[in-house]
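My notes follow in the order I looked things up.

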Amino acid sequence: MDGMTWVLLAIVALAAGAIAFLRLKGHLTGDAAARAIGAVVELARKAEALWSGYQGAGPQKRAWVLEQLAALGGALDETAAGALIDGVVAYLNATSWKA
């Protein structure tokens, strides 16, 4: 495996760890976890579609997704949400998903 694959695996592991930590602490139930992951996947896909063709727009996409998550309501831990966003984006990139 090359270096980028290891980086992607580390990001996915970090996102999974963040979700597991939040579930163990009782901040995220099973249904809430599924809804949160689904929301992040949908928002990441929309961000990719909105900024398709732009190089280096990662920070703008991430900020947009965090803003949309905050607008959905509820408490938002930007560190955990950021790890989840990174994991979703890494998955989308690894599967060569295109907008």
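**Fold**

I started with the secondary structure: the chain has 4 helices and 0 strands. This is a predicted model, so I read every value below as computed from it. Read from the N terminus, the order of elements is α-α-α-α.

I then checked the totals. The chain has 99 residues, and 28% of them are buried. Its accessible surface is about 6500 Å². Carbon and sulfur atoms account for 60% of that surface. I also looked at contacts between residues at least 6 apart in sequence: 54% of these link residues at least 24 apart.

**Helix 1**

Next I took helix 1, which covers residues 3-24 and has 22 residues. From first C-alpha to last I get 31 Å, close to the 32 Å expected at 1.5 Å a residue.

Which residues of helix 1 are buried? I noted Ala15, Ala18, Ile19 and Leu22. They span an arc of only 95 degrees around the axis, so they sit on the same side of helix 1. I then turned to the face of helix 1 that points away from the buried side. Exposed Trp6 and Leu24 are carried there.

After helix 1 comes Gly26. Its phi is positive, near 85 degrees.

**Core**

I looked up the largest nonpolar core and found 14 residues in it. Val40, Val65, Leu69, Ile85 and Val88 have the most contacts inside this core. Helix 2, helix 3 and helix 4 each give at least two residues to it. Which helix gives the most to this core? Helix 4 does, with 5 residues.

Leaving out residues up to four places away in sequence, Val65 touches Leu43, Ala44, Ala47 and Ile85.

**The aromatic pair**

I searched for aromatic pairs and the structure holds 1. It is formed by Trp51 and Trp64, with ring centres 6.1 Å apart. The planes stand at 70 degrees, so I logged the pair as edge-to-face. The cut-off behind that label is over 60 degrees.

Where do the two partners lie? Trp51 is in the loop between helix 2 (30-50) and helix 3 (58-71), and Trp64 is in helix 3. The pair therefore ties together parts that are 13 residues apart in sequence.

Is Trp64 buried or exposed? I read 18% relative accessibility for Trp64, so it counts as buried. The limit for that call is under 20%.

**Lys61**

I stayed in helix 3 for Lys61. Its relative accessibility is 15%, so Lys61 also counts as buried. With neighbours within four places in sequence set aside, I found Lys61 in contact with Ala47, Glu48 and Trp51.

**Val89**

My last entry is Val89, in helix 4 (residues 78-94). Its relative accessible area is 25%, so Val89 is partly exposed. Beyond residues up to four places away in sequence, Val89 touches Ala44 and Glu48.

Key:
Residues numbered from 1 in each chain as written. Predicted model: local features only at pLDDT ≥ 70, side-chain atom pairs only at ≥ 80, totals over all residues. Heavy atoms only, no water. Phe/Tyr/Trp six-rings, centres within 6.5 Å; stacked < 30°, edge-to-face > 60°. Buried < 20%, exposed > 50% of the residue type's maximum accessible area, 1.4 Å probe, protein only. Expected span 1.5 Å × (residues − 1). Arc of directions from axis to C-beta. Contact = heavy atoms within 4.5 Å. Areas by Shrake-Rupley, 256 points an atom, 1.4 Å probe, with all protein chains shown as cover. Core = buried A, V, L, I, M, F, W, Y, C linked by side-chain atoms within 4.5 Å.
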